[in-house]
Amino acid sequence: MQDNEHKRLVEMIDGYKGKEGSLIQLLLDLQSEFNWISKDTLQEISERLKIPRSRIYRIASFYEAMSLRPIGKHKVSVCMGTACQVRGSGMILDRTESKLKIKQGETTADMRFTLKRVNCLGCCAIGPVMVVDDDYHGRVTSDRVERIIKKYD
């Protein structure tokens, strides 16, 4: 971690000192700021807020919104729920893996994209669905995958 990143980390953690029940919000803020939560970050939180590292780890590893591994700048999710699968989301996932040259659960070497397979996004009527960051793309076809990814390249 660079000095300026460490300074920012300390500022953020110290901003939560004395605020009971704010650990989840702190972790979400750190995830948003740094795009992941490192082991060093867990240790820093533990030391500064006097919270056992195991408790922090349990929370950080439980919530889908937090990552203990570096993730890409853009998060790509392909819905694999039943309605999307029936409409070809398997091909969408295959095409996305091919385009990004990674498998689901991986991050591109340049740290631009992380690809995830999700069970259901709750928008079955417009399936198959792909989400990039917070942008929902419905009725995705294999041909549209490249155009969608290119928007974020």
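Reader: Which residues lie nearest the centre of the largest pocket?
Author: E64, A65, I71, K75 and K116. They are among the 27 residues that line the largest pocket. A pocket here is an open set of points on a 1 Å grid over the protein atoms alone, where a 1.4 Å probe fits, with protein on both sides within 12 Å along at least five of seven lines. Lining residues have an atom within 4 Å of a point.

Reader: What kind of model is this?
Author: This is a predicted model, where local features need pLDDT of at least 70, side-chain atom pairs count only at pLDDT 80 or more, and totals for chains, interfaces and linings use all residues. Residues are numbered from 1 along each chain as its sequence is written, and side-chain values use heavy atoms, with hydrogens and water left out.

Reader: Back to the largest pocket. What volume does it have?
Author: About 740 Å³. A volume is the space filled by probe spheres set on the points, and grid points are joined across faces, edges and corners.

Reader: Which element gives the most to the lining of the largest pocket?
Author: Strand 2, with 4 residues. Strands are DSSP runs of E, at least two residues; helices are runs of H or I, at least four; numbering starts at the N terminus.

Reader: How do the residues of that lining divide?
Author: Into 13 nonpolar, 8 polar and 6 charged. Asp, Glu, Lys and Arg count as charged; Ala, Val, Leu, Ile, Met, Phe, Trp, Tyr, Cys and Pro as nonpolar; the others, Gly among them, as polar.

Reader: And the second largest pocket, what is its volume?
Author: About 220 Å³. It has 13 lining residues, with K19, E20, G21, S22 and I51 closest to its centre. Helix 2 and helix 4 each supply at least two residues of this lining.

Reader: New topic. How many helices and strands are in the chain?
Author: There are 7 helices and 4 strands. The order along the sequence is α-α-α-α-β-α-α-β-β-β-α.

Reader: Is S46 buried or exposed?
Author: S46 is buried, because its relative accessibility is 13%. Buried means under 20% relative accessible area, exposed over 50%, and partly exposed in between, with a 1.4 Å probe and protein chains only.

Reader: Where does S46 lie, and what does it touch?
Author: S46 lies in helix 3, residues 39–49. Leaving out residues up to four places away in sequence, S46 touches I51, P52, R53 and I56. Contact means heavy atoms within 4.5 Å.
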